Every structure is written in structure tokens, then in C-alpha cells.
Number of protein chains: 2
Amino acid sequence: MIESEPSPNGAAEAESSSRKRVVIGDVAARAGVSKSAVSFVFNNRSGVSASARERILRAADELGWRPSARARALSRSHAQAVGLVIRRDPELLSTDPFFPQFMAGVEIGLTAHDYSLVLQVVADEQSERAAYHRFADASRVDGVFLTDVRIGDTRPQDARELGLRAVVIAPEDAASDDGVAIGMNDSDGVRRAVHHLHSLGHRRIAHVMGAPMYVHTEARRRAWREALVDLGLPVGTVVTADFTGASGARATHELLDLPEPPTAIVYGNDLMAIAGVSAATDRGVRVPEDLSVVGFDDIPLAPYALPPLTTVRQNVVAWGTAAAQTLVALVEGRQPPTVRLPPVEFVVRGSTGPTRDRRHA
Amino acid sequence: MIESEPSPNGAAEAESSSRKRVVIGDVAARAGVSKSAVSFVFNNRSGVSASARERILRAADELGWRPSARARALSRSHAQAVGLVIRRDPELLSTDPFFPQFMAGVEIGLTAHDYSLVLQVVADEQSERAAYHRFADASRVDGVFLTDVRIGDTRPQDARELGLRAVVIAPEDAASDDGVAIGMNDSDGVRRAVHHLHSLGHRRIAHVMGAPMYVHTEARRRAWREALVDLGLPVGTVVTADFTGASGARATHELLDLPEPPTAIVYGNDLMAIAGVSAATDRGVRVPEDLSVVGFDDIPLAPYALPPLTTVRQNVVAWGTAAAQTLVALVEGRQPPTVRLPPVEFVVRGSTGPTRDRRHA
DNA sequence: TTGTATGCGTTATCAC
DNA sequence: GTGATAACGCATACAA
């Protein structure tokens, strides 16, 4: 229970908004010790007797004092905060289930260490660079999360040059050795999707990929391709899209216009997949009778799509927590814990089904 | 273009990660002035000659110096940061288009003033209170945004007692006088939805509302009711849900089980509406032939739902920007600008249609 | 314009 | 090992 009401014996002058801020000296005076003693107690350092510690804690509690993050940041040269720069088009930002979940997970890891998360949402690359510079130059944060990693991304090096610690969130197999990485496992989900489709009898399995600049886009495409090869299936057509609904619909039309259209499509995310179903339906192609569709993300709407969407689910919250723990450790100069991320789940719903010949068989 | 490469004449010792942090004194020395002069220039204050200003800016640029947010925060007793505490269930968080867009808008308003946004995602009320206390006690932020305002919410008062400025984001008509508010205009959108349905011949128009604790839930319900009354229509059935897909589906079944089921339903958000369509379809009720459906939010998926969803769109980004400008002004003791928010839009798509008798007429 | 005190903890140095 | 004292971090406010 967090209560900051002034202790009854504290003082009658309290409660007025003009109450002076309680500072470490007040606590020290009340406990009859020096400021350093108070500081030591609040930083879990030895050198304070049990009785003194007791008095100090009580005094602090009675006065409602907590160390000022501002003063602490200055004297420690340490912001006790980490940053997240999100570069996304506004439209994509509000569909993407990644960031909200990731941030929720990050908080779990940060709150435990009393770190704050400083957020910056930007629209383009120039603002993104500026954002990292602001973080570093003004010493607002000690480290940053790097998400949406792009091919040839220089941010890991940039961060290092700016003196920021960084944790890269990227597909495992794309994780370079530039700094510590939290590995996503997109490939596994896509592989399972392809295997699932194969087991339903599909042989022409296409892929609609997202914006090609991202390493996770490429990771998913590669996983799709490799799974097909492993299964001895022909490598199907891949169409480049950009994760938006409009692009997913367009890509779907392209695929269905082919002389030999696919009987199944693996999409780079749920939004494109659902838009793809919509596009297919518009032209009389039924899902899943004529076309099976697999998404990626398992957005909360996926079960309510018509038909309910078969898709890949990852535990993004767990990544966030792991990334936060890692970054805090890095910032504090500790060895990052080895994280164990939960495996991806493949969720079979109504948008995938047996090929026509199988069904008739 | 933001570049922090050490000036060519800067020093050869640069680039090493062990470079000492450049401080204001270094800039002052290089420019041959006092620290105060440098400070004045960087705070746009008079008292520095044009030539000195010139030298100072050049020196700072060459050294790549910018005032440290940490030191500035301490000496100004001002964090130059504002906070946003998001309390949401993980599931709802990742569907809600509100927060990403709101945050994107907030950034626009904050970046202009060089403020940072500190974010905290929490799961329950106790953590929420703790989060505000942490913000205030540690002086991490100067003000906060209060979103998802609940009925009988004490956060405006709490914030004041904690010494935090606050901007409340709530429906216009629910805005109390506890602090400054940015008025959302949910009512207008709902009213237009009801009028739209009425013009299509609907007379039994139900409402599926979200979690009843929020003032915006209630604002939408009231708007629905008042619109019906204004039009001389009977007040339909209202079912309480909680903004999740599951609750929307359940509520829809409840409504369709009525002896006289509605011919149209206005939902509190798009997720429930789409889940409602799914539920209706499952039991053979066709949308829009047998049932018209209106959502709220216009999520990016709305155009790709089957059928495409008729819904209400608000410019949440604009709110965010307005809220940020207002909060910064408040924090800096200025008169908040009068904001002019764009009106809501009502987007008619395929999920609403004429009633059966109209169509046959 | 400049020197200097100030904000508030943290930490190195010293004394017991 | 306990504890106190003083310097430090860095920019800003205010008197000079």
C-alpha cells in the first residue's frame, strides 16, 4: 500500500501544497545520523548498524521521503532510465500488436529495478536519429531498445558511439554480434505454418511478405522458403507487401491472378492476412475451401475474423521482460542473465483447411 | 541533420569511448566566456552580445555539447518530462488503437518543447497508484496525462496532492473542473451512428457498451439513448460488455436471443462489433441483411472485416498533440492554448444497410 | 556579463 | 566496522 500522508507526528504544517520538499538531510536529522548513512541504507550498502538502519528507515517512512531521481541521476551520472524509439507510420502503429505488448513486458522488467521507460514515437529516419541523439546528448537514458531492426541497420554501432547501451530485438538467426540481442523466433512459427499446410495437402504455398527492409521480414520469408524445400515442395511465389491491409489485399489479388494460383498463402502478419481473406472473398474465392490463409501475430481480433484466422502467436510480453532485464544488467555493468524465451505457438483456426482434392477424397 | 562527430579541429583524442563528457565549462572556456553566458544562450535569454553568442554556439557545436538534462532537471527542480500511466489488461492493450495514436500525437507536442514522455504500463489499480507515487516522489516527471478516466476517479485530486500537473482526457460532457481537460467528443459519433441507422429504417437499435467503469463508456451509452429519444424511437436494449471480443460476441448472442431482437446494434468499439458480426454469422444472422452493425474507433482492420465495418473515427493523434501542448503549458505556468480538435468522422461501410422492409419496398 | 550559491544525493576521505 | 564531513556532478538563478 503506497501512502504518502504525512506521519501524524510529522508536522501540522504539512498538507499545504507549499510544504517544502523533504530532503535527505531532514531524514538524517530526524534519525540522528549523517546524510551518508541515509544514502547507504537506501542503496543497500553496508556500513550502517542495524539500529541506525532501523531509525533511518522509520524516519524516511514518517517523512515520506524517497531519494529524488533527479539528484540521484546527477550524482551518479546515471539516468536510471532507458529509452525506446518507435519509428512507425501512424497507420501501422495502431494495428501492430507488438509494441503495446512489448512495452507491457518491458515495464515488468524495469519496475523491478526501479527504472523508467522513456518513449519516443517518430515518423521517419531523420527524426529517429535525432531522437537517439537527444537521448544520449542530454543523458536522458542509459540504454535503449532497438526494435524493428532493418537490414544493414547501423543503430547498434550508433548507439555504442553515443555511449548508450543497447539491446537488439531481432530474429535469432539475424542477430549480429553488435551488442546483446534478444532472439525472436519467427522462423519456427512460419515453419510450422508451412508444415501444417503441407499436412493438409497443399503444394502451392505462396508468401506475402511485409516491408522488405526489416530483418524479421526477411527471416520469415527465408523460413517459408526453407520449409518448402525441406518438404520437397516447389518454392511458391512470394509477393512483397508492407504489412498494411491495403498491401495485403493487393498482394492477394496478384497471387490469385496467377495462371496457377496458390492454394494457400502465408502472410507476414495478421492484418495482411485478414485483408487477404477480404480480397479473396470479394472475387468469389472461398476461405478455406478454395484458399487457406495463415497470419502472423495472433491479434485479439484473429479469433473473430471470418473465418477465424489460423496464425502464429509469440509471447511478446516475455520478450519485453527479458529485454528489459538484459538492458538493466548491461547498464549496471552486470552480466546479462541468460534468458529463456517461451516457444512460439501455432494456432489453428478456421482459415486453413484441406485442399479440395483431399476433401473430396 | 544531426551529427555529433567531433569537430575536425576538436581533438584527436575523441572517438575513444573513454572521452570525458563535455560540460558547460569546456564550452565557456573555448568561447572565452563564463558558464552563465553559455547558459543564457542555450536558454534564449538576453544579456549576451551577438559576437559572444556566435562564439558560444560555435564552441558548443564543435565540442558537440548540449545541456545535460540531468543537471538541468536538478537545478531547475523540473524534470522536463511528463508521464503517462497506462492501466490495461494485456489483451485489451494490444487491440486498442487509442494508445499508440495518442502517444504518437503526444510526441509531436512534446518534441517541439523538448520534453520527454515517461511511460508506465500497469495491470491493476494498486500498481497504478504506485506508479503515480513513484513519478511524484522521485520527481521524475512534472505532469501526467490522465486517460481512461473512470467514474468517481480520484486521480485528478491525487495528482494535485502529489504536486503533479495533470491533463485529463475525457469526454467533453464528463469533464469535471478538476484540472484541465481535453474533451473527446464521443457523443457526436454515436449520435451520427444512430441517425444513420434511423435513416436506413431501423427502429430497434440496441447498444453493446464497454466496461461500465469508464466515463467514456457511459458517455457513449448516454449519446445512444439521447439520440433514440430525439428521434422518437423506443430506447432499445443495452447490454454491458467490457470491450473485449469475447464480451462482444456474448452480448450479441444475448441480443439476438431476445423475443424481439434488434435490427441494428451500436457497439462501444470495433473489436466488439467485429466479434458481434462473427457471432451473428455463426447463428445464421446475416450482416447487414438481417442485422446492421456499427463499431467505434475505425481500427485499420475495419475496412477489411467481412463485411467492412461502418464505424466512428476520431483523430486521436490530434488529441495527443493538444494534450501535450496543454500539459507543457501547465507545467511551465503558462496559460494553456485553446485547442480546437477536429470533429469526429462517421465512416459508412458495408456492415450497415436498410432494414428488410425498406429493401423490399 | 561574471562570479557564486543552489538544488539534492552520492561517494571519497577521515576519524573513532 | 560505524559514522561524520566535505567534495562532487552540472547547469541555473541571482547578486555583484
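The model is predicted, with local features requiring pLDDT of at least 70 and side-chain atom pairs pLDDT 80 or more, while totals for chains, interfaces and linings use all residues. Residues are numbered from 1 along each chain as written, chains are lettered from A, and side-chain values use heavy atoms, without hydrogens or water.

DNA strand D is surrounded by 26 residues, counted as near if a heavy atom lies within 4 Å. The closest are A:Ser34, A:Ser49, B:Ile24, B:Arg45 and B:Arg72. By class, this surface has ten nonpolar, eleven polar and five charged residues; Asp, Glu, Lys and Arg count as charged, Ala, Val, Leu, Ile, Met, Phe, Trp, Tyr, Cys and Pro as nonpolar, and the others, including Gly, as polar. Sugar or phosphate accounts for 70% of the DNA strand D atoms within 4 Å of the protein, and bases for the rest.

An N or O atom in the side chain of A:Ser36 is 2.8 Å from a base oxygen of DNA strand D, and a polar side-chain atom of B:Ser36 lies 3.3 Å from a base nitrogen. The side chain of B:Ser75 places an N or O atom 3.0 Å from a sugar or linking oxygen.

In chain B, four strands (DSSP runs of E, at least two residues) form an open, parallel sheet in the order E7-E6-E8-E9, where pairing takes at least two DSSP bridges. Strands E7 (238-240) and E9 (292-294) stand at the edges, each with a single partner, so one side of each lacks a neighbour in the sheet. Strands E6 (205-209) and E8 (264-267) pair over four bridges, with B:Tyr267 the bridge partner of B:Val208.

Technical notes:
A polar contact is a pair of N or O atoms within 3.5 Å; within protein, one must be able to donate a hydrogen and the other to accept it, and residues adjacent in sequence count only if both atoms are side-chain atoms.
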